[in-house]
Amino acid sequence: MIQDKALWEHFEAEQARREGVDFERNLKVVEVLYREARALGAFRAPMPSPPDLEAELLIARVIRSVPDLAVRDGLRTKFSEAP
């Protein structure tokens, strides 16, 4: 058990300063921990995206590209901005 918390924190800070950050190593550690957690049943496999997701996104883009007729005609709706 750590008895001198200040000494330990100083040690950790110095260690981090000397070693620096190794992004690649840290990412590998996270990947290994994630695989281990999945193997132990802590996480389920990620859900695949719906097969029609791309079609839904295309429809949404088309709808958003059409000018708001209520704004053009000077009408105010809940979703339109003032003319």
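I began with R17, which forms a salt bridge with E14, the closest N and O atoms being 2.7 Å apart. I counted a salt bridge as a side-chain nitrogen of Lys or Arg within 4 Å of a carboxyl oxygen of Asp or Glu. This is a predicted model, in which local features need pLDDT of at least 70 and side-chain atom pairs count only at pLDDT 80 or more, while totals for chains, interfaces and linings use all residues. Residues are numbered from 1 along each chain as its sequence is written, and side-chain values use heavy atoms, with hydrogens and water left out.

I placed R17 and E14 in helix α1, three residues apart, so about one helical turn separates them. Helices here are DSSP runs (H or I, at least four residues), numbered from the N terminus. R17 is exposed at 57% relative accessibility, and E14 is partly exposed at 26%. The classes are buried under 20% relative accessible area, exposed over 50%, and partly exposed in between (1.4 Å probe, protein chains only).

I then looked up E9 and K5, whose side chains meet in a salt bridge at 4.0 Å, N to O. Both residues lie in helix α1, four residues apart. E9 is partly exposed at 42%, and K5 is exposed at 58%. The count by this rule is two salt bridges.

I checked confidence last, as pLDDT (the predictor's confidence in each residue, from 0 to 100). The chain averages 78, and 77% of the residues score at least 70.

Terms used
Helix = DSSP H or I, 4+ residues; strand = E, 2+ residues; numbered from the N terminus.
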